[in-house]
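Reader: Could you put the model up, so that we can go through a few contacts together?

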Amino acid sequence: MRLLMIFLFFLNLAFSNNGVLTLNEAFKVNTYSDKQGIFLKINLADRIYLYKDQTKIELNSKDITKLLNFPPTQTRENKEVIFNQLELFLPQLLLNDFIKNDKAKLTLTYQGCSEKGLCYRPVYINYELYKQNEIYTISSTKEQFKKQSEDEQIAKDLNTQNVFVTLLTFFGYGLLLALTPCILPMIPILSSLIAMKLKNNPSKKHSFYLSFIYVFFMSLAYAIAGALVGFAGSNIQGLLQQPWIIVTFASIFILLSLSMFGLYELQLPLKFQNYINKKINNKSGFFGIAIMGFLSALIVGPCVAAPLAGVLLYITNSGDVLLGGLSLFVMSFGMGMPLLLIGLGGSFLKSGAWMLKIKVFFGFIMLIMAVWMLERVLNANIILMLYGIIGVFFASFMGLFDEVKNNFDKFKKASMILVLAYSLSILLGGFMGSKSLLKPLEFNTALSLKTTSSLNFKAIKNLQELQEELQNSTKPVMLEFTATWCENCKLLEEYTFKDTKVQDLLSKYTLLKADVTHNTQEDLALMKEFNVFGPPVMIFFDKGEEKGRIIGYIDANDFLEKTLNFFAN
């Protein structure tokens with residue numbers, strides 16, 4: 001922990017000058033009026049600009065933007081933008097034409113970006129106009145930010161809460177995230193590593209020590225990723241889903257599995273082993289466990305949920321790398337509590353011939369993990385065939401052809417026959433084009449899925465397509481950020497979106513889907529536009545205005561409740 005504090009402290013010093021301005025610092029809005037009319041002025045900070053096409057003035061819900069004169073513009077990314085200051089004048093004659101009862105509602109909408117790479121969320125400000133003595137006065141402004149999403153509320157809490165309370169809160173978030181499906185892949189990884197390391201020293205103390213090292217470096221990976229987000233403002237999780245990175249780490253799992261099959265011994269040179277043994281009281285395995293803990297967090301960690309997104313949003317907006325990094329570290333440690341419990345249970349592992357079988361078993365677990373990672377870059381039917389091949393070899397290695405000596409051997413052989421039968425079915429199903437592990441011999445899976453779901457999503461590839469849809473849609477809009485490597489996205493598709501009540505509700509929406517699987521420049525631009533750090537995220541719009549968002553997996557009942565609340569007002 002001391003090393004982590006020192007690391008984050010110096011990282012914070014190095015990057016502290018790269019903080020991004022808050023919304024109020026970047027855009028300062030002033031209004032005043034006289035006999036000539038009303039003046040709206042937005043003073044922009046250095047290197048901040050406004051999009052002209054995102055600036056809108058509505059008077060009693062009627063768009064009058066085109067009737068106003070804008071200052072000269074510059075071009076950024078093929079769009080007209082405004083620097084330094086935007087001043088709009090609404091003349092008295094224009095106000096009289098649109099206001100009939102000496103009272104009106106004026107709405108100012110704008111959105112801008114920083115040249116450092118961060119785009120701010122759209123802002124909606126309502127004014128009330130009253131005509132007194134032939135002059136329209138403007139009441140105090142009320143910024144109409146949408147109901148704060150969970151990640152925004154968490155980011156706000158980081159700004160206001162006591163540091164100790166903040167860290168304790170994020171430890172609690174970590175415990176909750178430990179119950180999500182995304183943490184499950186880490187369990188066989190750690191279990192296999194402990195089983196391999198404990199064959200010479202099966203003690204509870206050593207087992208827990210190895211688990212602690214794994215969880216510590218997993219947490220360190222999250223803290224460093226948070227620091228990098230604070231510096232670069234980029235989507236770290238998305239960057240780690242590049243195909244070549246996925247293939248590289250899948251290859252690491254394959255190499256680890258070959259070691260467990262006895263093809264070679266994966267260990268440090270003897271000189272380094274002796275040095276390490278002296279440093280940790282003759283308990284080897286420090287570096288291997290540490291590296292796997294670090295890499296597991298980066299590649300097979302949980303999909304982005306509200307707590308993680310909230311911390312990343314806070315770091316991006318404030319540049320406070322130290323608090324953000326510590327929050328991620330503590331949260332990740334909470335996520336690792338089940339893994340520490342596995343370490344406590346490691347002492348029940350006793351040396352014996354059965355350990356060889358366990359080692360082979362975890363070798364197959366590593367192969368399954370490799371294929372699971374490759375799901376993000378390979379076709380589903382190919383993945384099915386790979387699982388089938390692994391299953392056939394698993395049945396063979398685990399006793400399918402062993403001699404039967406007692407009832408336990410009979411049970412084991414019968415189990416392996418079932419594994420072989422299922423493996424052959426998914427191998428055949430994948431060869432015939434099936435994509436379902438649960439229904440491998442149902443070759444028209446794609447067709448059957450369409451008949452069970454009435455939801456029709458339109459694919460969105462870039463910001464321009466999204467803006468056109470938002471402008472042209474006569475219904476509320478739901479935009480879903482998803483990816484093939486996102487486990488919580490699959491749960492949403494499989495359970496939440498197949499609920500009949502959810503389908504009835506969403507049939508009244510325009511449904512858009514942004515697939516960010518490949519992490520292209522257009523994907524990154526879309527995610528940056530809405531401060532999305534990773535899928536799944538569902539954003540709801542009405543008349544182009546964001547009403548709210550849902551981050552992470554949510555069941556059907558909660559989805560219905562939250563969605564209806566977004567549009568309650």
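Reader: Which side chain meets glutamate 469 in a salt bridge?
Author: Lysine 458 does, at 2.5 Å from N to O, where a salt bridge means a Lys or Arg side-chain nitrogen within 4 Å of an Asp or Glu carboxyl oxygen. This is a predicted model, with local features needing pLDDT of at least 70, side-chain atom pairs pLDDT 80 or more, and totals for chains, interfaces and linings using all residues. Numbering starts from 1 along each chain, and side-chain values use heavy atoms, without hydrogens or water.

Reader: What does that pair tie together?
Author: Glutamate 469 is in helix α19 (residues 463-472) and lysine 458 in strand β14 (residues 458-459), so the bridge links parts 11 residues apart in sequence; helices (H or I, at least four residues) and strands (E, at least two) are DSSP runs.

Reader: And how many salt bridges in the whole structure?
Author: The search finds 6.

Reader: Switching topic, at what angle do α16 and α17 pack?
Author: Helix α16 (residues 380-400) packs on helix α17 (residues 407-431) at about 160°, with axes 7 Å apart, the angle running from 0 to 180 degrees between N-to-C directions. That makes the two roughly antiparallel, a label for angles over 145 degrees.

Reader: Which residue classes make up that contact?
Author: The contact of α16 with α17 has 17 nonpolar, 7 polar and 2 charged residues, with Ala, Val, Leu, Ile, Met, Phe, Trp, Tyr, Cys and Pro counted as nonpolar, Asp, Glu, Lys and Arg as charged, and the others as polar.

Definitions and conventions:
Angles under 35 degrees count as roughly parallel, over 145 as roughly antiparallel, 65 to 115 as roughly perpendicular and the rest as oblique.
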